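Please keep the sequence and the coordinates at hand while reading.

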Amino acid sequence: MEVTKIENVTRVFKIGQVETHALRGVNLSIESGEFTALVGPSGSGKTTLLQLIGCLDQPTSGQVYINGKDVSKLNRNQRADMRRGTIGFIFQFFALIPTLTAYENIEMPLLLNGLGASERRERIMHLLESVDLTDRAHHRPDQLSGGEQQRVAVARALATKPALVLADEPTANLDTPNGKQVMETMTRLNQETGVTFVFATHDPRVISYARRVVTLRDGVIVENSTEELVGSGDKA
Amino acid sequence: MIQLFKMALRNLGRNRRRSFFSALALGMGLTLLLFMASIIEGEMGTALETAIRLQSGHLQVRAKSYDEIKTSLKWADLIEDPDAVAAQIAALEQVKAATPRLFASGIASVRDESAGVRIYGIDPLSEANAPYRDGMLSGEFLTPDDREGILIGKPLADKLALKDGDQLNLSVNTSNGEIADQTFTIRGIYSTETGGFDSITVLMPLAKAQAIAQAENHASTIFVLLNDTAQTDAVVAAVQAPNYEVLNWKKMNEFLLAYEEMANSYMVFFYLIVLGITATVIVNTLVMAVFERTREIGILSAIGMRGRRIMALFLAESSMLAVGGIIIGLILGGLIIAYFTRYGIFIGDFGITGVLFSDTIHTKLTLEDTVNLSILALVITLLAGLYPAVLAARMEPMQALRAEK
């Protein structure tokens with residue numbers, strides 16, 4: 001089943017009189033359960049593509065479908081609703097709310113989805129266990145290491161049982177062991193829960209975890225390789 | 001909802017000093033408002049009470065042609081056989097006291113000094129004289145058959161350097177337009193703590209006043225005090241005096257009431273200006289908070305928080321600042337007002353012609369003012385919080401996420 005499908009998408013940013021073509025006609029389909037890397041140099045359009053899939057932005061032309069639904073023309077609130085129910089985010093910076101504990105950060109999307117207290121508690125404890133942070137539940141972000149913060153972000157992204165988790169350079173601010181731990185956690189959760197992961201990166205060590213690699217350059221997809229071609233690299 | 005307030009509280013706690021000073025600004029604004037309201041209430045409340053007690057009574061019966069400004073003394077402008085009229089009114093059960101009074105203008109002089117005065121011919125035995133009797137600073141009160149004795153107020157005594165037992169010459173206008181001169185002995189000095197009254201009013205027994213002003217068996221007015229102000233209209237209707245005019249305290253204190261109304265409408269502007277300033281402080285605090293937390297707003301938006309909820313988060317912060325500020329204001333204002341309610345603020349003779357103000361303002365804070373001003377402060381703070389809240393809610397998540405931390 002297709003989680004997301006992108007048809008002839010372009011995205012033009014206009015700053016003053018200058019137009020920047022971030023995406024120039026992209027077609028892409030991502031199936032449920034994939035673990036896919038979007039790769040390419042800076043400015044190739046991978047973050048823009050991720051934001052379009054994540055309903056944070058709208059294409060200049062073309063269509064973006066999430067679970068078969070065209071999301072290209074949704075208004076702000078409809079996009080917020082779509083993100084809340086269907087999409088989890090992991091950002092390059094450890095995007096936690098600094099005033100909330102690890103537990104409360106994971107709880108936030110569940111509160112927004114109106115889950116009952118006992119169900120929330122059960123789900124959060126399970127997630128904390130799966131990212132190996134049970135003993136850090138009541139620590140605030142400034143009391144956690146970068147790697148721990150990013151694992152809390154992974155847990156939060158998965159809290160609502162989304163169809164799709166989008167990660168933008170999830171290991172860029174982590175050292176090698178922590179980066180490895182985050183990637184291994186994501187891989188394991190992908191296999192255990194079947195949640196689709198799409199992540200943008202240009203780190204070869206991260207790319208090696210992917211079962212599919214989509215390469216962008218200057219706003220177009222130049223290579224679209226599947227598991228057979230990659231995934232056997234050095235997972236250092 | 002609880003989570004929202006918990007988050008709001010923690011956000012305010014992030015920069016405690018800034019939050020505290022913002023709440024303090026509101027608290028000080030509210031303190032100022034409460035203090036001003038308590039002064040107005042203390043001043044105006046007592047001004048009317050003083051005017052009724054000393055000058056107008058709850059009602060007066062006068063001849064229709066009597067002119068207060070000119071202090072008419074012609075017999076046609078006065079009340080004939082005033083004791084009978086007063087006795088008839090005093091028989092009504094709502095009436096506390098009804099007493100004839102004769103007013104005359106004159107000049108008091110001693111050695112080279114002189115001063116314009118207003119002579120009050122009073123029945124020394126009437127209960128209506130309580131303010132003068134209770135305010136005796138030295139000497140004795142008048143007796144009905146005293147033919148040479150007068151009482152003067154403290155400011156006049158100070159001005160003419162007189163004490164009880166001293167002699168004073170009075171020149172008094174009479175009913176036939178002449179001037180009668182006589183030397184009187186000061187029996188005592190009184191103070192009603194109302195400079196505007198005490199500095200010009202000389203009290204003498206009614207019979208003597210009638211004799212010197214040649215107004216035998218006549219009075220300027222029947223001065224009536226009631227047990228309860230609310231009964232005024234009923235008593236006015238009950239008084240049978242076809243040839244005379246019955247005036248109630250509202251009519252006689254029109255100027256004071258108009259002044260009070262004007263003061264109140266000025267106060268509304270004053271309130272809005274003070275709250276406008278404090279609101280600016282709150283807006284500033286919250287706008288800074290919005291910009292500092294741009295990326296967080298982006299995160300909240302990315303995980304699906306709708307604009308309205310982000311707005312609610314910032315409104316929760318401003319309402320907490322407001323509640324904190326109001327608590328500070330109530331405590332601070334309450335303490336300051338309690339002090340001045342007890343010890344008063346001395347303002348001296350606050351001269352507005354025709355209006356009697358007490359020398360000392362004892363602040364008076366009403367529950368109504370406290371509630372109204374607190375609600376006003378809350379509403380204005382919430383309105384002020386609307387702008388930063390909308391600013392936060394309108395942020396595009398993509399741009400917000402890109403912001404530097």
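How far apart do the C-alpha centres of domain 1 of chain B and domain 2 of chain B lie? The two centres are 50 Å apart. Domain 1 of chain B covers 2-51 + 256-402, and domain 2 covers 65-242; such bounds come from an automatic or database domain assignment.

This is a predicted model, in which local features need pLDDT of at least 70 and side-chain atom pairs count only at pLDDT 80 or more, whereas totals for chains, interfaces and linings use all residues. Residues are numbered from 1 along each chain as its sequence is written, with chains lettered from A and ligands numbered from 1 in the order in which they are written. The pLDDT is the predictor's confidence in each residue, from 0 to 100. For chain A its mean is 87, and 96% of the residues reach 70 or more. Residues 228-236 of chain A have a pLDDT below 50, and this stretch makes 10 contacts in the model beyond near neighbours in sequence; a contact requires C-beta atoms, placed from the backbone, to lie within 7 Å. Where pLDDT is low, the predicted coordinates should not be read in detail.

Chain A contains an open sheet of four strands in the order 2-1-4-5, with antiparallel pairing. Strand 2 and strand 5 (69-70) of chain A each have a single partner strand and stand at the edges, so one side of each is left without a neighbour in the sheet. Helices (H or I, at least four residues) and strands (E, at least two) are DSSP runs numbered from the N terminus, and two strands pair if DSSP finds at least two bridges between them. Strand 1 (residues 2-15) and strand 2 (residues 18-31) of chain A are antiparallel and joined by 11 bridges, with Thr4(A) opposite Ile30(A) in strand 2. These two strands form a hairpin with two residues between them, and Gly16(A) in the turn has a positive phi of about 65°. Strand 1 of chain A is also joined to strand 4 (residues 61-66) of chain A, antiparallel, by five bridges; here Glu7(A) has Gln63(A) as its bridge partner.

A further open sheet of chain A has six strands in the order 6-7-8-3-9-10, and its pairing is mixed. Neighbouring strands of this sheet are turned by 20° against each other on average, direction ignored. Within it, strand 3 (residues 35-39) and strand 8 (residues 196-201) of chain A pair in the parallel sense over five bridges, and Val39(A) has Thr201(A) as its bridge partner in strand 8. Helix 5 (residues 146-158) of chain A packs on the sheet, touching strand 6 and strand 7, and its direction makes about 170° with that of strand 6 of chain A. Such angles run from 0 to 180 degrees between N-to-C directions, the axes being lines fitted to C-alpha atoms, for helices over the stretch in contact.

The contact between the chains takes 19 residues from chain A and 18 residues from chain B. On the side of chain A that touches chain B, helix 2 (76-86) and helix 3 (102-112) of chain A are the elements that give two or more residues. The largest share, six residues, comes from helix 2 of chain A.

In chain B, helix 2 (residues 16-56) has 41 residues; at 1.5 Å a residue it should span 60 Å, and its end C-alpha atoms are 57 Å apart, which agrees. The expected span is 1.5 Å times one less than the number of residues. Just after this helix, Gly57(B) takes a positive phi of about 70°.

Key
Contact = placed C-beta atoms within 7 Å.
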